[in-house]
Amino acid sequence: NRVWFGGGFPKTGGGEDVDYCFRLKGRGNTEGIVSVPGARAEHPFWTKILKQVSGWASGDVMCLETLPYCTFYAFPDWSELILFYSIYSAAVAFCGTSVYGPVCSFFVFASTVSVTDSLLRASVHVQHDKHRPLPERVALSLLATLPETVQDSTRLLSKVSRLKMNQVCMHFDWMDGQGQHVIATKIVLLLRGSIVLLFAASVMHPSTMWLTGAPCACLVAFWLCENRRAAGRSLAHQANIISKPTLDPIPFPAAAVSRCRPFVVLTSQRTGSNLLCALLSHHPEIAMHNELFHYQHIYSPGWRNRGGWTPLQRDAEPFEFLIDALAGSGTIRSGKSVRAVGFKLFPEHWHAKEGRHELFESLVADPSVLKVVLVRESRLDVCTSMMRTGRSGKYVGDNLDNLKFEIQPREFQTFAQRYDSTFEYYRSSLNGQAFCEITYEQLTGEKDATMHRLLSFLGVSTDVNLGLNERDGMVKQTTRPAKESIVNFDSLEFAFRHSKYAKDFH
């Protein structure tokens, strides 16, 4: 199961490490890739720094071809602005009577753009290492822009020399959808490019400076203020002085909680949550609500008259509703009290109504409420299931074997990123709390062992038969694999062959 570095990248490095990681993850080996924040890379053979940086940039730009679905377009950087203006100047010189004017105009534009962009980037670097004297920081900041300038120039030259003009303004998502890398890059390039263009217009056309100078000055002031704030946030984070605000727990009656432990199933749609709710509802010691915060209904088959609550009343008093559901009338089943009571929570519920996010953040932060995380390992199966129900409008019971559709690569990538971020948020929010995580695959393949582990976690009897019957309506909507429903499955699989989603297609 060896994975080697690709031979198509230059020996100076650049791109081969990212390509290697993507191919490694494409074989399902994600546990072997971890971050090591304290690691330090040394380059003892880098005797010609700028030449090495240039070679590295010409290599990493090749990732735009090898991993096309991890790319995005953004506002032109300084080198691309100069390229566009050079084309414009050449056209003017070709169509006009004089070459001197367009050539002079080009050199003024190019020098203004490159110098202004370097100064803007230097203003970011100068915020760091404040223990150094200011003149030294300024000198080092200006020097630090040189490798960046070489990288940008080399990347553009590599694209143009290979006639890959469609890659101009194209960037690679080095974070593979994690964090805010893409949006941050787009915003920074847009802001920096706007400042550069406004300043260049002011220099080249002084008569219009009253029109371009004011917005340019405002943007520069905003740029400097944001850099100062960002540096302050970075220093505060390093000093561990930023702490998450403490949320007040939901005021569940202590006696009710000690008698009947509340729990919540944190999950997403089409992950087997109906199956899990049905299994738990058969346990005599569990009161299992279903989707309490559906936008139109209150789904809780065993809660008599829904405690008298209507969706309108629930939305007006969500805290009071949840307390009644988990520590009041919602804990009664067949006239008897139970030992555990729970419901399921989807990402869509968090922002459906005003006040919901605060309610659920308090719920997740409350250690008296047990947490169960239900995840389906195959993102493709979740996406396919959601496509089926979205097209048919049918969520349970009906057979959808004959329903076929297309999934575009960007659609699946966007869905998968949001799906992953949902469960990353769940796990990070539960940091420091004990919780039980189960998968749909375990629930269907190892039901008895999985339910035994879950029931033990909930503190109820494990010696119970949780078989389903016809009234539960737990009939699979399709018995066919995803590849038989997705008409462009082969091209979709090819698109993600080197990504972390490759294992979903096997």
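I started by counting elements: the protein has 19 helices and nine strands. A reminder to myself that this is a predicted model.

Next I checked burial, and 43% of the 506 residues of the protein count as buried. I then looked up the accessible surface, which comes to about 27,600 Å². Carbon and sulfur atoms hold 59% of that surface.

I also wanted the sequence range of the contacts. Among contacts in the protein with a separation of 6 or more, 73% join residues 24 or more positions apart.

Then I picked a helix pair. How do α5 and α6 pack? Helix α5 covers residues 100-125 and helix α6 covers residues 134-161. Their axes lie 9 Å apart, at an angle of about 125 degrees. An angle between 115 and 145 degrees is neither roughly perpendicular nor roughly antiparallel, so I wrote the pair down as oblique. The crossing of α5 past α6 is right-handed.

I listed who makes the contact. From α5 I found S118, L119, R121, A122 and H125. From α6 I noted S141, L142, A144, T145, E148, T149 and D152. I sorted the residues of this contact into four nonpolar, five polar and three charged.

One last stop in α6 was S153. Is S153 buried, exposed or partly exposed? Its relative accessible area is 30%, so S153 is partly exposed.

Notes. Residues numbered from 1 in each chain as written. Predicted model: local features only at pLDDT ≥ 70, side-chain atom pairs only at ≥ 80, totals over all residues. Heavy atoms only, no water. Helix = DSSP H or I, 4+ residues; strand = E, 2+ residues; numbered from the N terminus. Buried < 20%, exposed > 50% of the residue type's maximum accessible area, 1.4 Å probe, protein only. Contact = heavy atoms within 4.5 Å. Areas by Shrake-Rupley, 256 points an atom, 1.4 Å probe, with all protein chains shown as cover. Axes fitted to C-alpha atoms, helices over the stretch in contact; angles between N-to-C directions. Parallel < 35°, antiparallel > 145°, perpendicular 65-115°, else oblique. Left-handed = near helix turned anticlockwise from the far one by under 90°. Nonpolar A, V, L, I, M, F, W, Y, C, P; charged D, E, K, R; others polar.
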